[in-house]
Amino acid sequence: MLLSRRDVEFMLYDWLDAEALSKRPRFADHSRETFSAAIDSAEQIATELFAPHNKLSDQQEPQFDGDKVSMIPDVRRALDAFSAAGFMAAGQDYALGGMQLPLLVEKAITAYFTAANMATSSYAFLTIGNANTLLKCASSAQVEHFVRPMLEGRWFGTMCLSEPQAGSSLSDIATRAEADPDAAGQYRLTGNKMWISAGEHDLAENIVHLVLAKIPGPDGKLVPGVKGISLFIVPKFLDSGERNDIALAGLNHKMGNRGTTNCLLNFGEGKYRPGGRAGAVGYLVGREGQGLVNMFHMMNEARIGVGLCAAVLGYTGYLHALAYARERPQGRHPAAKDPAAPQLPIIAHTDVRRMLLAQKAYAEGALGLCLYSARLVDDEHTGDSAELRQRAGRLLEFLTPITKSWPSQWCLEANNLAIQVHGGYGYTREYNVEQFYRDNRLNQIHEGTHGIHGLDLLGRKASIHDGALLATMGEEIRATAGAARASAEPQLAGHGQALDAAWRRVEEVTAALYAAGDLNKTLANATVYLEAVGHVVVAWIWLQQAMAAARLPDDNFRRGKLQACRYFYQWELPKVQPQLDLLERLDTTALDMQDAWF
């Protein structure tokens with residue numbers, strides 16, 4: 001009950017045409033058979049080794065005794081199998097020991113592991129993101145030294161951005177990196193990093209931390225703002241075997257994702273003294289002052305990953321609720337008069353079907369959005385023409401804040417509805433859906449809150465390059481809407497008209513917001529803009545899925561897709577209109593509120 005394999009294959013092959021990718025030189029050795037074989041292996045390992053300890057790792061979370069972290073042995077066994085199967089390097093070059101799978105297929109693989117066990121999967125996917133970042137911006141020597149062991153699964157990786165006093169405001173980080181006078185090319189780091197997932201454990205031989213820090217200027221002061229930030233590799237163990245000066249100050253205890261260590265790390269406090277003195281040894285990645293640019297390689301990839309994580313937690317919660325609704329007898333139809341008549345399974349009740357249909361619309365729409373975004377990455381990197389690569393890049397840049405945020409909001413709501421379907425059992429630990437909700441709650445904050453991504457979408461993505469990203473998105477939406485209007489399926493034609501009208505309103509409201517002449521007013525309700533545009537985008541994703549399903553032979557799967565699309569257009573897309581009306585009025589209610597008035 002992780003995911004629907006039929007739906008995954010539908011999205012990959014019937015809709016997103018993964019087979020066509022095998023015609024490109026990078027993927028020429030692959031076919032539908034090799035793609036499916038990799039997914040088969042992932043599904044098997046996820047089912048047999050990741051899912052069984054999901055609840056156990058939640059109930060017996062990692063412990064810190066002041067010296068080291070301990071956790072249940074099931075975590076390492078699962079991750080060893082993941083690495084042995086080659087999944088750490090699934091998308092990498094053959095020369096690096098990889099499989100050279102398209103990101104579209106790699107994300108389908110990721111979906112199974114995350115649905116099975118978000119916490120254990122985090123160790124692996126943080127490592128993959130770390131390695132991908134270094135492959136883009138590290139030297140060849142650094143790649144050979146640090147990346148190869150991670151792709152082999154011998155070393156794991158993290159990203160160390162946030163600090164206790166800075167949070168998401170990275171311009172305010174205070175970790176220092178000073179050139180080591182005793183070793184050319186080395187730096188000594190001092191500072192604190194907070195909320196570091198997988199920051200300490202004994203699951204691998206080493207942990208490669210990617211750390212944002214500032215190199216002080218000639219006056220010894222840190223350069224203010226983001227321009228002074230550089231990126232450093234800071235390993236837990238040095239080549240000499242010495243323990244680097246990185247100390248775990250404590251574990252944070254979150255409401256969900258409890259099986260992943262979440263750490264406060266102190267760099268350079270002197271608990272360990274490599275080379276006989278305090279200071280964490282680090283190695284500069286790329287050029288000074290380019291740290292945030294380099295780290296964004298990992299952050300953007302991570303944002304698609306967070307959206308995917310949210311989507312599959314909503315999806316597996318939906319499947320649990322569906323199974324429960326089919327098995328749980330309770331009540332009778334409103335018109336039934338005989339109290340002695342057999343009770344009905346609760347799926348026979350309209351309100352339960354409503355809740356299940358909403359979950360299906362959210363989860364399958366969100367998974368579709370994430371896989372579509374992954375397909376864009378493949379097109380951007382391996383497309384047959386410069387025009388295709390540029391177009392994919394523009395769409396991806398526009399969609400990334402939505403791909404992170406929409407599943408994080410609405411698949412949490414799917415988990416909420418899954419609990420509701422279970423009734424009183426839903427919030428007991430004996431049933432899995434309460435953990436899915438707690439685990440998924442992290443994703444609304446992880447890799448940036450809705451507020452941050454709303455500011456990114458409205459304040460940057462909708463306007464940069466003279467509005468080229470917004471225009472490209474509009475072209476794609478209009479093409480889908482036009483094809484739907486020409487469809488022989490009457491309901492699809494109506495959906496096409498509704499989608500076209502909704503996007504026209506998005507364009508009108510965006511223009512009105514930018515005409516305000518006051519950036520505070522323009523961005524005051526950016527989160528509402530993110531929600532509204534996200535709903536229109538997912539309506540577009542659903543219409544694409546419905547058009548692909550309409551080409552299939554008539555069966556329950558096809559009918560279910562069309563009905564879920566119908567639900568989204570009847571129940572969800574209409575929510576956008578009042579949000580857009582509010583935005584167009586440039587309402588300042590929240591902006592005008594004063595601290596003292598609360």
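**Close-up views of selected strands and helices**

View 1. All views show a predicted model, in which local features need pLDDT of at least 70, side-chain atom pairs count only at pLDDT 80 or more, and totals for chains, interfaces and linings use all residues. Residues are numbered from 1 along each chain as its sequence is written, and side-chain values use heavy atoms, with hydrogens and water left out. In strand β3 (residues 155–160), six of the six residues are buried, where buried means under 20% relative accessible area (1.4 Å probe, protein chains only). Strands are DSSP runs of E with at least two residues, and helices are runs of H or I with at least four residues, numbered from the N terminus. On one side of β3 lie Trp155, Gly157 and Met159, and on the other Phe156, Thr158 and Cys160; all are buried. β3 pairs with strand β6 (residues 206–214) in the parallel sense over six bridges, pairing being assigned if DSSP finds at least two bridges between two strands. Leucine 210 in β6 stands opposite methionine 159.

**View 2. Strand β9 pairs with β5 and with β8**. Five of the six residues of β9 (residues 262–267) are buried. Its pairing with strand β5 (residues 186–197) is antiparallel and spans five bridges; here cysteine 263 in β9 stands opposite isoleucine 196. With strand β8 (residues 246–251), β9 also pairs in the antiparallel sense over five bridges, and phenylalanine 267 in β9 is the bridge partner of isoleucine 246.

**View 3. Helices α6 and α10 cross at roughly 145 degrees**. The axes of α6 (residues 103–116) and α10 (residues 350–382) come within 7 Å; axes are lines fitted to C-alpha atoms, for helices over the stretch in contact, and angles run from 0 to 180 degrees between N-to-C directions. Leu103, Leu104, Lys107 and Ala108 in α6 meet Leu371, Ala374, Arg375, Val377 and Asp378 in α10, contact meaning heavy atoms within 4.5 Å. By class, this contact has six nonpolar, no polar and three charged residues.

**View 4. Helices α11 and α13 cross at roughly 155 degrees**. The axes of α11 (residues 386–422) and α13 (residues 450–461) come within 10 Å. The crossing angle therefore makes α11 roughly antiparallel to α13, a term for angles over 145 degrees. Residues of α11 in the contact include Phe398, Pro401 and Ile402, and those of α13 include His453, Leu457 and Arg460.

Notes
Nonpolar A, V, L, I, M, F, W, Y, C, P; charged D, E, K, R; others polar. Buried < 20%, exposed > 50% of the residue type's maximum accessible area, 1.4 Å probe, protein only. Parallel < 35°, antiparallel > 145°, perpendicular 65-115°, else oblique.
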